[in-house]
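Try each task before reading its solution.

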Amino acid sequence: MTDTPDLVFVGLDRNLALDLVRATEAAAIAASRHLGRGDKEKVDQAAVDAMRPVLATISMRGTVVIGEGEKDEAPMLYNGELVGDGTGPEVDLAVDPVDGTTLTAKSLPNALAIVAVAERNTMFDPGPCVYMEKLAVGADLAGVVDFEAPIETNLDRIATARGVTVPDLTVCILDRPRHEEELVKRVREAGARIKFLLDGDVAGAIMAAQPGTGVDLLVGIGGTPEGVLAACALKCLGGAFFGRLYPRSDTERNLARDRGYDLDTVLTLDDMVRSDNVFVAATGITDGELLRGVRYSPDTAITHSLSMRSLSGAVRLIETRHRISTSNLVPRALSGMG
C-alpha cells in the first residue's frame with residue numbers, strides 16, 4: 001500500500017516530516033547551549049524562541065492543543081496559539097520544546113525536543129487535569145497487558161509473552177515520591193529492574209515501544225501533555241498506550257466532572273489521538289538510549305533526530321550536520337549567548 005491516501009487527509013503529506021525535524025533541531029540546539037548551567041527556565045525559553053520561528057515557516061494552519069499552558073500563564077507556544085504560515089491543512093499540534101528541562105540544566109540523559117502534528121480536532125484535550133496514570137508498551141504487548149490489573153500481573157504476562165523471567169524485565173518509572181511507597185516497592189518485590197526517569201516521561205514511553213532500548217514498559221503517574229505526545233509517538237511506532245486522568249485535588253476533580261470528563265474511563269491510544277495520519281519529530285538534547293545529544297566541533301553542530309509517521313509506519317533516524325557559519329537554524333539558537 002502506498003501513501004496515496006494522503007488526499008483523504010486534507011493536504012497532510014510527507015514533506016511535513018522534515019519541516020518538523022527542522023523545528024525540533026532548532027529547539028535542541030538552542031537548549032543545548034545552556035547544558036549543565038543549572039537554569040531550566042533559560043533552557044525552556046531558548047528552545048521556545050528557536051522553535052517558534054521555524055514553525056511559522058511551515059505550510060500549515062496549526063493550533064497548539066498541547067503546549068506550555070494558557071496564554072496568560074505561559075506566553076510561549078501556549079495552548080490555543082496559532083502556528084504555521086497560514087496556508088495548507090488545518091492541524092493540531094502537541095509540542096514540548098524541551099521534554100526534560102531539569103535534565104538539560106543538569107546535563108543528565110534523555111532530554112529531547114519533540115513536536116507532533118495530526119488532523120484538526122483529533123488530539124485529546126485533558127482539560128483541567130494536569131496528571132494521568134499511564135502504561136505504555138510495545139506493539140507485541142498491546143493485547144497482553146491490562147491497565148487495571150496489578151503491576152505484578154502485568155509483569156508476569158509480559159515475561160511469559162517475551163519468553164523471559166520477571167527479573168529480566170525493565171520498568172521505566174518517573175522518580176517521584178508518589179511512586180516510592182507503592183509502585184516502586186511492588187515492582188522491586190516482583191523482581192523486575194527499574195529505570196528511573198528523573199524528568200519527562202515521553203522518552204520513557206518511546207523506549208518502551210522501541211525495540212533495542214532495554215525497556216519493557218513505562219508505568220506510573222505523569223503529565224497529561226506528555227501523555228498526548230507519547231500517544232502520538234506510539235501511534236507511529238505501533239505501540240500501545242493506556243491512561244486515566246488523575247485529578248490532584250477535589251477542586252480539580254469537580255472541575256473535570258463539570259466539564260464532562262469521565263474520570264474512571266481508561267483511555268486508549270485512539271482516544272488520545274484519533275487520527276491515523278500523525279507526524280512526530282524528536283531531536284536529542286542530551287545523550288540517551290533513544291537519541292544522542294547535540295554535539296559541537298569547529299563550525300559544526302551535529303543533531304540526531306527521529307522522524308515518524310503513523311500512516312506509512314516509517315520511522316527514520318536522521319543525523320544532521322549544521323554548519324554554524326551558514327545555517328539559518330544555528331545562529332538563531334546561538335544568539336544572545338555572548
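**Exercise 1.** Is Phe124 buried or exposed?

*Solution.* Keep in mind that this is a predicted model. Begin with the cut-off: buried means under 20% relative accessible area. Phe124 has 14% relative accessibility, so Phe124 counts as buried.

**Exercise 2.** Find the ring that pairs with Phe124, and describe the geometry.

*Solution.* Start with the count, which comes to one aromatic pair. The partner of Phe124 is Tyr261, with 6.3 Å centre to centre and 85 degrees between the planes. Planes over 60 degrees apart count as edge-to-face, and that is the class of this pair.

**Exercise 3.** Describe the largest nonpolar core and the surroundings of Met123.

*Solution.* The largest nonpolar core holds 49 residues, and Met123, Phe241 and Val280 have the most contacts inside it. Helix H7 (residues 224-237) supplies the largest share of this core, nine residues. A second, separate core has 38 residues, including Leu16, Leu20, Leu93 and Phe279. Now look around Met123: beyond neighbours within four places in sequence, its contacts include Val65, Asp92, Leu93, Val228, Cys232 and Met272.

**Exercise 4.** Which ring does Arg33 lie over?

*Solution.* Arg33 sits over the face of Tyr296, 4.6 Å from the ring centre.

Conventions:
Residues numbered from 1 in each chain as written. Predicted model: local features only at pLDDT ≥ 70, side-chain atom pairs only at ≥ 80, totals over all residues. Heavy atoms only, no water. Core = buried A, V, L, I, M, F, W, Y, C linked by side-chain atoms within 4.5 Å. Buried < 20%, exposed > 50% of the residue type's maximum accessible area, 1.4 Å probe, protein only. Helix = DSSP H or I, 4+ residues; strand = E, 2+ residues; numbered from the N terminus. Contact = heavy atoms within 4.5 Å. Phe/Tyr/Trp six-rings, centres within 6.5 Å; stacked < 30°, edge-to-face > 60°. Lys NZ or Arg CZ within 6 Å of the ring centre and 35° of its normal.
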